[in-house]
Amino acid sequence: MAPILSISNLSKQYASGFQALKSVNLDIEEGEILALLGPNGAGKTTLISIICGLVKASSGSASVGGFDVVRDYRQARSLIGLVPQEISLEPFQTVMDALRFTRGLFGKRNDPALLRRILEQLSLWDKRDAKTMELSGGMKRRVLIAKALCHEPRVLFLDEPTAGVDVELRKEMWEVVRQLKADGVTIILTTHYIDEAEAIADRVGVIRGGELLLVERKETLMQRMGKRQMRVELMQPLPAIPASLARYNLDYSAEDRSLVYSYEANGERTGIASLFADLSAAGILLRDVETKQSSLEDIFVGLVEDKS
Ligand SMILES: Nc1ncnc2c1ncn2[C@@H]1O[C@H](COP(=O)(O)OP(=O)(O)OP(=O)(O)O)[C@@H](O)[C@H]1O
């Protein structure tokens, strides 16, 4: 199946001379959720803005549903919904009027049944006649999503949908995103929050300094790059790590009397068996053992640091 969104060698140099994107290539399949992770200034918003026709690329191309975002701007734009980072609503406009107006901007006829369905899906139906200024922050964000959906786009961009919102509201947003995916909408979201990508994305792209460092299925990424850590709690404090254990690069914490050993989760030999044998030979008695898989956060930090 042809990708719904295809980005090819996309670069952007701003008038200031700043190179915000460096030859980005990316294909997105219909119905997937892609999280673009990256630190401040990585180029996430620039990338989205080019696809939505708000910023002009210096070179390269992008197409949505087969329509080039420059040459076939209207068709491409009609397939895209954009939820911007900043909350921008007309304070005196009602929720329903905001939706009707936005749908009209896309040259679409009013469709009360559709707008009702969207508002219900976002738990805003009972707020349809409220002025947007009367809504809470969480509701305003949901109105932005509703506005982005009311011309029936196939691809939805969410630029930092949960920046600065509380835990409860973030979870609520994640649920909304999952529901939209279930309805067949393709979603590209940018985020600084790794747990957000871990919770809802199918694929994760890591962008830094305008370069797309990698794009991979979340599970593959965690399996391929993930390390495991084994923490061994000791019966007695250890004055120093014996020379016979030096090759394991163990970290010792005097506070909780434990040794931590890191190993490749998918390596052929983990070294665990020989570590136990060497611990025993050194007369070190164990109280408890636990292992844990590194998180997407560990992987992300490692990746971003490696390249700096
Ligand atoms: N109009 C502009 N002129 C010059 N430089 C710009 C312009 N817009 C953005 N930049 C620069 O391009 C870089 C990428 O910005 P962009 O907003 O795409 O990053 P981002 O990954 O979305 O960051 P954040 O997470 O902080 O929103 C930044 O260094 C920014 O200062």
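Two strands are taken to pair if DSSP finds at least two bridges between them. The model is predicted. Within it, four strands form an open sheet in the order β12-β13-β11-β14, with antiparallel pairing.

The pairing of β12 with β13 (residues 258-264) is antiparallel and rests on three bridges. Asp-251 stands opposite Val-260 in β13.

The ligand has a shell made up of Tyr-14, Ser-16, Phe-18, Ala-20, Gly-38, Asn-40, Gly-41, Ala-42, Gly-43, Lys-44, Thr-45 and Thr-46. By class, four of the shell residues are nonpolar, seven are polar and one is charged. Helix α1 (residues 44-51) supplies the largest share of the shell, three residues.

Helix α1 also holds Ile-51. Ile-51 has 24 C-beta neighbours inside 10 Å and therefore counts as buried, the cut-off being 20 or more. Beyond its neighbours within four places in sequence, Ile-51 is in contact with Ala-62, Val-64, Val-69 and Ile-80. Phe-157 lies 106 residues from Ile-51 in sequence, yet the C-alpha to C-alpha distance between the two is 9.7 Å.

Conventions: Residues are numbered from 1 along each chain as its sequence is written. This is a predicted model: local features need pLDDT of at least 70, side-chain atom pairs count only at pLDDT 80 or more; totals for chains, interfaces and linings use all residues. A residue is near a molecule or strand if its C-beta atom, placed from the backbone, lies within 6 Å of it. Helices (H or I, at least four residues) and strands (E, at least two) are DSSP runs, numbered from the N terminus. Ala, Val, Leu, Ile, Met, Phe, Trp, Tyr, Cys and Pro count as nonpolar, Asp, Glu, Lys and Arg as charged, and the others, Gly among them, as polar. A residue is buried if 20 or more other C-beta atoms lie within 10 Å of its own, exposed if 12 or fewer, and partly exposed in between; C-beta atoms are placed from the backbone. Two residues are in contact if their C-beta atoms, placed from the backbone, lie within 7 Å.
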